[in-house]
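Q: Could we go through this model together, starting with the strands and then moving on to the ligand?

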Amino acid sequence: MQFNELNLHENLLSGVDAMNYIQMSPIQELTIPIILAGKDLIASAQTGTGKTAAYLIPLLDHIIRSQSNQTSALVLVPTRELAKQIDEQIEGFSYFINATSIAIYGGGKGEEWDQQRKALVHGADIIIATPGRLMAHMNSGEVKFDHIKCLVLDEADKMLDMGFSDDILFILKRLPAKRQNLMFSATMPKKIRDFANKILHNPEEVRLATSKPAEGIDQQFYLANDTQKIPLLVHLLKDADVQSVIIFSSQKAMIDKIIRSLTKLKWDARGISSDNSQEERENVLRDFKNKQYKILVATDVLSRGIDINNLSHVINFDVPRDAEDYIHRIGRTARAETTGTAITFINEKDQYRIRGIEKLLEKEVEKQNITESLGLGPAPEFKSGGEKNGFKKSNSHKNKPKRKFFRPAKKSS
Ligand code: AMP
């Protein structure tokens with residue numbers, strides 16, 4: 001279905017068209033009519049599916065038709081990176097209409113606080129905000145949301161993982177009770193459903209099946225204790241023809257350790273975590289996108305919503321918490337018929353998460369065991385078929401022929 005079949009305001013349609021959006025993505029086709037009809041919605045959709053436009057286009061259509069001067073939509077997001085990306089998309093769609101937006105997020109300099117406060121007090125049609133910073137502004141007493149008609153919770157699962165649920169509930173209490181609520185989440189664990197039950201009223205539900213990874217991705221899994229991971233990483237990278245790689249770690253403390261180990265070998269690696277200032281993060285991301293260095297090390301939480309694709313390698317230093325996250329991350333390689341490599345390290349504690357990934361992939365993955373041959377000692381045994389706390393023993397990974405794990409390195413002459 002195409003956007004011009006939706007009966008959108010013609011000036012909005014011109015903006016959509018100018019952004020080269022012609023055909024709707026599946027999530028857009030399923031959700032936009034529901035949102036335009038003013039209903040509450042809970043949708044499972046990953047980054048990359050077009051979920052942002054799925055809610056922005058109906059919001060903007062409403063704004064252009066209502067011609068109100070008040071803030072009518074609030075979008076809560078987990079990270080400032082996502083807030084900025086959404087703000088940029090609004091700018092694109094709004095080229096031919098009179099709609100304003102502001103992104104409110106923490107971590108900046110003092111003068112940014114003042115700019116944000118002024119913008120909040122004077123109002124913008126759409127506010128995109130991280131919950132902590134918005135709450136801080138609301139506590140100052142000047143920010144009023146009496147005219148909000150629509151609330152969007154984007155990447156709701158990440159917001160809960162980051163501990164924002166109390167902040168969100170605080171904010172919601174200060175919004176008009178009569179409003180439309182839209183919730184997007186990459187995953188739908190019970191805690192998200194419980195949270196949704198507190199907020200949404202008779203929501204329509206849209207679940208998009210997680211897409212399978214592209215054929216061109218070489219997925220490799222290595223068993224390793226935490227202490228073996230850095231030497232294993234160094235070994236694998238040495239042999240690799242790395243063009244651009246993101247290494248995802250679930251622990252902030254590991255980011256510096258990984259970077260130090262790679263820098264010692266004269267590899268240019270840089271990192272982002274919540275410890276960095278906003279300006280530092282932006283510089284690191286911009287330089288990576290511009291291919292000024294090849295290795296980016298990032299924490300899990302920050303990695304979602306970063307709009308970087310076309311990687312030659314993705315490395316999961318730890319197994320992602322959600323199987324959907326795994327699929328999404330490795331989808332950043334092997335775009336447009338190219339090939340890519342996705343590497344995942346599995347320690348003993350994360351083994352149960354592999355079962356979720358295998359379920360989504362609909363196949364058992366080969367777990368390589370090479371630490372001993374690298375002189376790093378034995379790797380943890382993979383206990384297949386295990387539940388989180390009760391593994392069954394299996395030696396099926398042993399005695400398997402070793403696979404060649406990377407494309408051969410290009411020799412410099
Ligand atoms: P999202 O999942 O919202 O982060 O979107 C992923 C990417 O797809 C972004 O770069 C969007 O600009 C782009 N995109 C989303 N929907 C469409 C569409 N219908 N046509 C073309 N590009 C799209």
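**Strands, sheet, ligand and helix**

A: Strand S7 (residues 204-207) pairs with S1 in the parallel sense, over four bridges. Strands are DSSP runs of E with at least two residues, helices are runs of H or I with at least four, and both are numbered from the N terminus. Two strands pair if DSSP finds at least two bridges between them.

Q: What kind of model is this, and how are residues numbered?

A: It is a predicted model, in which local features need pLDDT of at least 70 and side-chain atom pairs count only at pLDDT 80 or more, while totals for chains, interfaces and linings use all residues. Residues are numbered from 1 along each chain as its sequence is written, and side-chain values use heavy atoms, with hydrogens and water left out.

Q: Which residue of S7 stands opposite Ser-44?

A: Arg-207 does. Ser-44 also stands opposite Ser-185 in S6; strand S6 (residues 180-185) runs parallel to S1 and is joined to S1 by four bridges.

Q: Are the faces of S1 covered or open?

A: Both faces of S1 (residues 41-44) are covered. Leu-41 and Ala-43 on one side, and Ile-42 and Ser-44 on the other, are all buried (under 20% relative accessible area, with a 1.4 Å probe and protein chains only).

Q: What is the strand order in the open sheet of seven strands?

A: The order is S10-S11-S9-S12-S13-S8-S14, with parallel pairing. S10 (269-272) and S14 (367-368) stand at the edges with a single partner strand each, so one side of each has no neighbour in the sheet.

Q: How many bridges pair S9 with S12?

A: Four bridges pair S9 (residues 245-249) with S12 (residues 313-316), in the parallel sense. Ile-247 stands opposite Ile-315 in S12.

Q: Turning to the ligand, which polar atoms lie by it?

A: A polar side-chain atom of Gln-28 lies 2.8 Å from a ligand nitrogen atom. A polar backbone atom of Thr-49 is 3.0 Å from an oxygen atom of the ligand, and a backbone N or O atom of Lys-51 lies 3.4 Å from a ligand oxygen atom.

Q: How much of the ligand does the protein bury?

A: The protein buries 70% of the 490 Å² that the ligand exposes when taken alone. Accessible areas come from the Shrake-Rupley method with a 1.4 Å probe.

Q: Finally, how far does helix H5 reach?

A: H5 (residues 110-122) has 13 residues and reaches 19 Å from its first C-alpha to its last, close to the 18 Å expected (1.5 Å times one less than its number of residues). Just after H5, Gly-123 takes a positive phi of about 90°.

Notes
A polar contact is a pair of N or O atoms within 3.5 Å; within protein, one must be able to donate a hydrogen and the other to accept it, and residues adjacent in sequence count only if both atoms are side-chain atoms. Buried means under 20% relative accessible area, exposed over 50%, partly exposed in between (1.4 Å probe, protein chains only).
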